[in-house]
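Please read it with the sequence and the model side by side.

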Amino acid sequence: MSEPTDHGRGPSDAPSDAELAELTPRELEQLGYRLDDVEIVDNSPKWPISGTRAEKRAERNVAAWFALSALSGLAFVVIFIVWPWEYRNPGTEGYLLYSLYTPLIGVTFGLSILGLGVGAIAYAKKFFPEDVAVQQRHDGPSPDLERRTAAARLTEAGRTSGIGRRSLIKRTAGLGAGAFGLGTGVLTLGGLLENPWAEGDESPLWVTDWAPHGEKVYLRQDVGDPHEVVRMRPGDMSAGSLVSVFPYKESWSEEKAKEALHHADNPVMLIRLRPGTPVVERKGQTGFNYGDFYAFSKICTHMGCPTSLYESQTQRLLCPCHQSQFLANEYARPVFGPATRSLPQLPITVDDEGYFVAEHDFTRPVGPAFWELDAT
Ligand code: FES
């Protein structure tokens, strides 16, 4: 076997595969040092005397982090699947449990990955030998031989850290990684646990509270008090203004009317264009407006943020999350930013008492696209 070349990229006559196969991981590690022009100044094992109380304590400390990760990962999976997550109004039965759902899945998932990370760092700090080494740096990728020796170096470092005999750490690290992996899998596949199309044409992705089902659906302004129902009339708005409205039916209980203020697909922007504003209507949506009044879903078709900034000079509706912009006088088609679908338009008219009502539900699903949907 030759000495390293002067440029540090390995010997010109590197050991053959047969020679390399003969070497132990320790010898490969040493070879790697030589080939890399690395001089080991100090390499003392962390625990020269094994089995001391201090070593055991360090081992338990590392294992505790992995155990925390495992417990948190399992708790995440259980909470994600069985915790009552459906919306409840404040003050009603089940509200407390509902309001804890998001914090709990966030905290357990976070602790799961935190425990794994801190455990791995603690293991490296407490058990890996502390090398003090000096190495000359060189440009370009490493040749195959050096990659093999680098892998051997890692193997040796693991061996000298005593991982083989630290079964507590191995078991808890395995449990932590397994529980975290399980949690990630559940998070990814959780949406497939329920069939969103189980109710056919009445499935939640197609239907909102704006569907009349034989009753008038009024456009209600949210004035901040859920007990006060304010139904919109054309005279309530000046030209070039926007009001956020929600569905309201007279048959609804107070509870149901309050819930309708919180359902994610209900918010609508009622816009009054300035007289004489040129308008482009979308095919199939002709007559969805009432005079200068147009109603569009407020839920951005990019990722579902509320789109509620209206610039009446340019007719732009702006979503503050990622700056998508839609033209209010052109069926809210996207003209800037990541959104690709128009905001769904709600067909509106005025009833014989002069209140705005919805003629029927949206004809396109509200919010971000999903795979069954065309891109417009
Ligand atoms: S959610 Fe509106 S632009 Fe992203």
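Strand 10 and strand 11 run antiparallel and are joined by three bridges, where strands are DSSP runs of E with at least two residues and helices are runs of H or I with at least four, both numbered from the N terminus, and where two strands count as paired if DSSP finds at least two bridges between them. The model is a predicted one, in which local features need pLDDT of at least 70 and side-chain atom pairs count only at pLDDT 80 or more, while totals for chains, interfaces and linings use all residues. Residues are numbered from 1 along each chain as its sequence is written.

- Within the pairing of strand 10 with strand 11, L327 stands opposite R333 of strand 11, and the two strands form a hairpin that has five residues between them.
- Y331, which lies in the turn of this hairpin, has a positive phi of about 45°.
- The open sheet consists of four strands in the order 8-9-10-11, and their pairing is antiparallel.
- Its edges are formed by strand 8 (309–311) and strand 11 (333–336), each of which pairs on one side only.
- On average, neighbouring strands of this sheet are turned by 35° against each other with direction ignored, the strand axes being lines fitted to C-alpha atoms and angles running from 0 to 180 degrees between N-to-C directions.
- Strand 9 (residues 316–318) and strand 10 (residues 325–327) also run antiparallel and are joined by three bridges, with L317 opposite F326 of strand 10.
- Strands of a sheet pair through backbone hydrogen bonds, in either a parallel or an antiparallel way.

**Loop residues with positive phi**

- Most residues other than glycine have a negative phi.
- Q315, in the loop between strand 8 and strand 9, is a residue other than glycine with a positive phi, near 65°.
- Q315 counts as buried because it has 22 C-beta neighbours inside 10 Å; the class requires 20 or more other C-beta atoms within 10 Å, whereas 12 or fewer make a residue exposed and values in between make it partly exposed, with C-beta atoms placed from the backbone.
- A332, in the loop between strand 10 and strand 11, likewise has a positive phi, near 55°, without being glycine.
- A332 counts as buried because 27 C-beta neighbours lie inside 10 Å.

**Nonpolar cores**

- The largest nonpolar core has 36 residues, of which L270, A295, F296 and L346 touch the most other members; such a core is a set of buried Ala, Val, Leu, Ile, Met, Phe, Trp, Tyr and Cys residues joined through C-beta atoms within 7 Å.
- Two or more residues of this core come from each of strand 3 (218–221), strand 5 (241–248), helix 7 (254–260), strand 6 (268–272), strand 7 (293–297) and strand 13 (356–358).
- Leaving aside residues up to four places away in sequence, L270 touches L219, M232, L242, V243, V245, F293 and A295, a contact meaning that the C-beta atoms, placed from the backbone, lie within 7 Å.
- V243 lies in strand 5 and counts as partly exposed because it has 17 C-beta neighbours inside 10 Å.
- With residues up to four places away in sequence again left out, V243 touches Q221, M232, M237 and L270.

**Domains and separations**

- The domain assignment gives domain 1 (53–192) and domain 2 (201–358), with bounds that come from an automatic or database assignment.
- The centres of domain 1 and domain 2, taken over C-alpha atoms, are 46 Å apart.
- V243 and S69, which are 174 residues apart in sequence, have 47 Å between their C-alpha atoms.
- S16 is found in the segment before helix 1 (17–22), and its C-alpha atom is 9.6 Å from that of L145, 129 residues away along the chain.
- S16 is exposed because it has 10 other C-beta atoms within 10 Å.

**The chain as a whole**

- The secondary structure of the protein chain comprises seven helices and 13 strands.
- The radius of gyration is 32 Å, well over the 21 Å that the globule rule gives for 376 residues, so the chain is more spread out than a compact globule; the radius is taken over C-alpha atoms, and the rule is 2.2 Å times the number of residues to the power 0.38.
- Taken along the principal axes, the C-alpha atoms fill a box of roughly 95 × 50 × 35 Å.
- Of the 376 residues in the chain, 27% are buried.

Notes:
Two residues are in contact if their C-beta atoms, placed from the backbone, lie within 7 Å.
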